[in-house]
Amino acid sequence: MPHREVVPDLTLPEAVFVLAHSPSGRRDPMWSTVEQLVGAAVLGELYLAERIELDQDGVAVLVRSSTPTEDPLLDGVLARMVDSDAHSPLAAAPPRR
């Protein structure tokens, strides 16, 4: 029977961070874009968790639910989005019908 490594479940941001490193632990040449990729992955996770959505024009990100996800990174970003200026694109979204 072949040996199989157990790989823990990773969130999208964690997977992006891990993939940005070579097996030797050195940073991948794409490191300069990792912050943006992790940020996009955080938004992706929040979208999949139904905490955010796009406005009707697909331009602004709206908070759909402020319920914690139980992930400290996601919850921190979500809290900052909820606390943002009410006139910004990150203001709370109206309830779905």
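Which residues make up the largest nonpolar core? In this predicted model, that core has 12 residues, namely Ala-20, Val-34, Val-38, Val-42, Leu-46, Ile-52, Val-61, Val-63, Leu-74, Val-77, Leu-78 and Met-81. Two or more of these residues come from each of the elements α2 (34–48), β2 (61–63) and α3 (72–83). As a general background, nonpolar side chains in soluble globular proteins tend to be buried together.

**Overall fold**

- The protein chain contains 3 helices and 2 strands, and their order along the sequence follows the pattern α-α-β-β-α.
- Of the contacts in the protein chain between residues at least 6 apart in sequence, 42% join residues that are at least 24 apart.

**Burial and surface**

- The protein chain has 97 residues, of which 26% are buried.
- Its accessible surface comes to about 7,600 Å², and carbon and sulfur atoms account for 58% of that surface.

**Contacts of a core residue**

- Leu-78, one of the residues of the largest nonpolar core, touches Leu-46, Arg-51, Ile-52, Val-63, Ser-65, Ser-66 and Thr-67 when residues up to four places away in sequence are not counted.
- Among these partners of Leu-78 are Leu-46, Ile-52 and Val-63, which are themselves listed in the core.

**A nonpolar patch on the surface**

- Leu-12, Tyr-47 and Leu-48 form a nonpolar patch on the surface, and together they have about 340 Å² of accessible area.
- Tyr-47, which lies in helix α2, counts as exposed because its relative accessibility is 52%, and the cut-off for exposed is over 50%.

Conventions: Residues are numbered from 1 along each chain as its sequence is written. This is a predicted model: local features need pLDDT of at least 70, side-chain atom pairs count only at pLDDT 80 or more; totals for chains, interfaces and linings use all residues. Side-chain values use heavy atoms; hydrogens and water are left out. Helices (H or I, at least four residues) and strands (E, at least two) are DSSP runs, numbered from the N terminus. Buried means under 20% relative accessible area, exposed over 50%, partly exposed in between (1.4 Å probe, protein chains only). Contact means heavy atoms within 4.5 Å. Accessible areas come from the Shrake-Rupley method with a 1.4 Å probe; for residues, only the protein chains shown count as cover. A nonpolar core is a set of buried Ala, Val, Leu, Ile, Met, Phe, Trp, Tyr and Cys residues joined through side-chain atoms within 4.5 Å. Patches are made of residues with over 30% relative accessible area and no salt bridge: like charges are joined within 9 Å, nonpolar side chains (Val, Leu, Ile, Met, Phe, Trp, Tyr) within 5 Å. A salt bridge is a side-chain nitrogen of Lys or Arg within 4 Å of a carboxyl oxygen of Asp or Glu.
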